Amino acid sequence: EHLGLDRLRVLSLRQTSRILGHLDGLDVRTPRADAERGGFVAVRVEHADVVVAALRARGIFVDARGDLVRFGPAPYVTDDEIDAAMAAFREIARG
């Protein structure tokens, strides 16, 4: 199936919205409004580099910019993978 720009944007918004749904109560730095949101979701956490390393050890690839962990979904990432990654993130970020 062809993934034109419009379809990619719709998919990106759906995925980033799904990620945002897992981050209630955390210091989310990404706009929640679709028109204001890009392709990444950033959340402020202590020791972001440690969180990134712990996620990577579980096969979940995110990055950090300072104290922000950034989630950047892609067209090939499934809803189940997003949900599992966010559950792992919440577990790691708590501890």
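This report describes strand pairing and salt bridges in the structure above.

The structure is a predicted model, in which local features need pLDDT of at least 70, side-chain atom pairs count only at pLDDT 80 or more, and totals for chains, interfaces and linings use all residues. Residues are numbered from 1 along each chain as its sequence is written, and side-chain values use heavy atoms, with hydrogens and water left out.

**Strand pairing**

Helices (H or I, at least four residues) and strands (E, at least two residues) are DSSP runs, numbered from the N terminus. Two strands are taken to pair if DSSP finds at least two bridges between them. Strand E2 (residues 41-44) runs antiparallel to strand E1 (residues 27-28), and two bridges join them. Strand E2 is also joined to strand E4 (residues 68-71), again in an antiparallel arrangement, by four bridges. Val43 takes part in both pairings: Val43 is the bridge partner of Val28 in E2, and the partner of Val43 in E4 is Val69.

**Salt bridges**

A salt bridge is counted where a side-chain nitrogen of Lys or Arg lies within 4 Å of a carboxyl oxygen of Asp or Glu. The count by this rule is ten salt bridges.

| Arg18 | Asp83 | 2.8 Å |

The salt bridge between Asp83 and Arg18 links distant parts of the chain, with Asp83 in helix H3 (residues 79-94) and Arg18 in helix H1 (residues 5-21), 65 residues apart. Arg18 and Asp83 also belong to a network of salt bridges that includes Arg14 and Asp79.

**Accessibility of the paired residues**

A residue is classed as buried under 20% relative accessible area, exposed over 50%, and partly exposed in between (1.4 Å probe, protein chains only). Asp83, at 23%, counts as partly exposed, and Arg18 has a relative accessible area of 30%, so Arg18 is partly exposed. In the remaining pair of the table, Arg58 is partly exposed at 44%, and Glu91 is partly exposed at 41%.
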